[in-house]
Amino acid sequence: MPALPAPPAVLAEVFSADRLALVQEYADLLATDGVVRGLIGPRETPRLWERHLINCGLLAAALPADATVADVGSGAGLPGLVLAIARPDLRVTLIEPLLRRTTFLEEAVERLGLEQVTVIRGRADAVHGVATYDVVTARAVAALDKLATWCMPLVAPQGALLAMKGSSAADEVAAAAETCRRLGCAPAVVEELGAELAAEGAVEPIRIVRLSWADPARVSLPLRGQRAPRGSRGGSSRRKRRKS
């Protein structure tokens, strides 16, 4: 198993000093249990810092203060757990359908002491009509047209879907335009984060697609239940059990 490299100096530019030890602990967990349990490929370990942790950490700056966040298809916690580490003011819900992944996430949440994080086992539609969030995130889950269909019912009237995308972001926006319009979304916007650090040669910038409602006043979600409370404590909820 390849060893986890020492953290790069730029880590301190992305995460505050009081969160660096927690980032290191999560990185160690990904490089060991994450690899053994098949959540992270062994070839990813040498590039875990730049490709995954710093990459996801750059997203934290785009989130409003004290926001409720749902990370759809959270996998090993990227970007959801990274956001919870970087921003302790956030209330983060990790939504993931596979048992082996939610088991890892629950163990990681407990080990890292992230009391503001909740784990839900299920697909995004398991939460439709139950709760909405200020921000919904997704990384490497699906093309934007599918992602919008799955995630926008979770977005609060004044909220946004922030989908982490690569160089094909603009093409995905164009391909999903009709689906997004039909859902009642405003035109999607592609944003680049981390440009200042990239200019210094320290990191690669990331691209996100921001999707929000065209007319927030007409959004009547959730269909049942209430919005996820900001002050709820961390825990876990299991839904729609499926084999992993």
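Here is a friendly conversation about a predicted model and the reasons behind some of the words used for it.

User: Where should I start with the chain as a whole?

Analyst: Start with its elements: the chain has nine helices and eight strands. Of its 244 residues, 50% count as buried.

User: What makes β2 an enclosed strand?

Analyst: Buried means under 20% relative accessible area. Five of the six residues of β2 fall in that class, so the strand is largely enclosed by the rest of the structure.

User: How do you know that β2 pairs with β1 and β3?

Analyst: Two strands pair if at least two bridges are found between them. Five bridges link β1 (residues 68-72) to β2, and five bridges link β2 to β3 (residues 117-121). Each count meets the cut-off of at least two, so both count as pairs. β1 and β2 run parallel, and β2 and β3 run parallel too. To find the pairs in the model, look for Asp 71 opposite Leu 94 in β2, and for Ile 95 with its bridge partner Ile 120 in β3.

User: Why is the crossover from β1 to β2 called right-handed?

Analyst: The name is given because, with the strands pointing away from the viewer, the path from the first strand over the helix to the second runs clockwise. Here the chain goes from β1 through helix α4 (residues 80-86) to β2, and this β-α-β crossover is right-handed. β2, α5 and β3 also make a right-handed β-α-β unit.

User: What makes the bond between Leu 78 and Pro 79 stand out?

Analyst: It is a cis peptide bond, with omega of about 10°. Most peptide bonds are trans. You will find Pro 79 in the loop between β1 and α4.

User: What makes the phi of Asp 66 and of Ala 140 worth a look?

Analyst: Most residues other than glycine have a negative phi. Asp 66 has a positive phi of about 60° although it is not a glycine. Ala 140 is another non-glycine residue with a positive phi, near 55°. Asp 66 sits in the loop between α3 (48-57) and β1, while Ala 140 belongs to the loop between β4 (133-139) and α6 (144-151).

User: Why is Ala 140 called exposed, and why is Asp 66 called partly exposed?

Analyst: Exposed means over 50% relative accessible area, and partly exposed lies between that and the 20% limit for buried. Ala 140 has a relative accessible area of 79%, so it is exposed. Asp 66 has 46%, so it is partly exposed.

User: Which class does Pro 216 belong to, and why?

Analyst: Pro 216 has a relative accessible area of 24%, so it is partly exposed. Its place is in the loop between β7 (206-211) and β8 (235-238).

User: What can you tell me about the largest pocket?

Analyst: The largest pocket has a volume of about 470 Å³. Of the 22 residues that line it, the closest to its centre are Gly 73, Gly 75, Glu 96, Arg 101 and Val 141. The elements that give two or more residues to this lining are β2 (91-96) and α5 (99-112). The lining divides into eleven nonpolar, five polar and six charged residues.

Notes
Residues numbered from 1 in each chain as written. Predicted model: local features only at pLDDT ≥ 70, side-chain atom pairs only at ≥ 80, totals over all residues. Heavy atoms only, no water. Helix = DSSP H or I, 4+ residues; strand = E, 2+ residues; numbered from the N terminus. Buried < 20%, exposed > 50% of the residue type's maximum accessible area, 1.4 Å probe, protein only. 1 Å grid on protein atoms, 1.4 Å probe; cavity = no way out; pocket = protein on both sides within 12 Å on 5 of 7 lines; lining within 4 Å. Points joined across faces, edges and corners; volume = space filled by probe spheres on them. Nonpolar A, V, L, I, M, F, W, Y, C, P; charged D, E, K, R; others polar.
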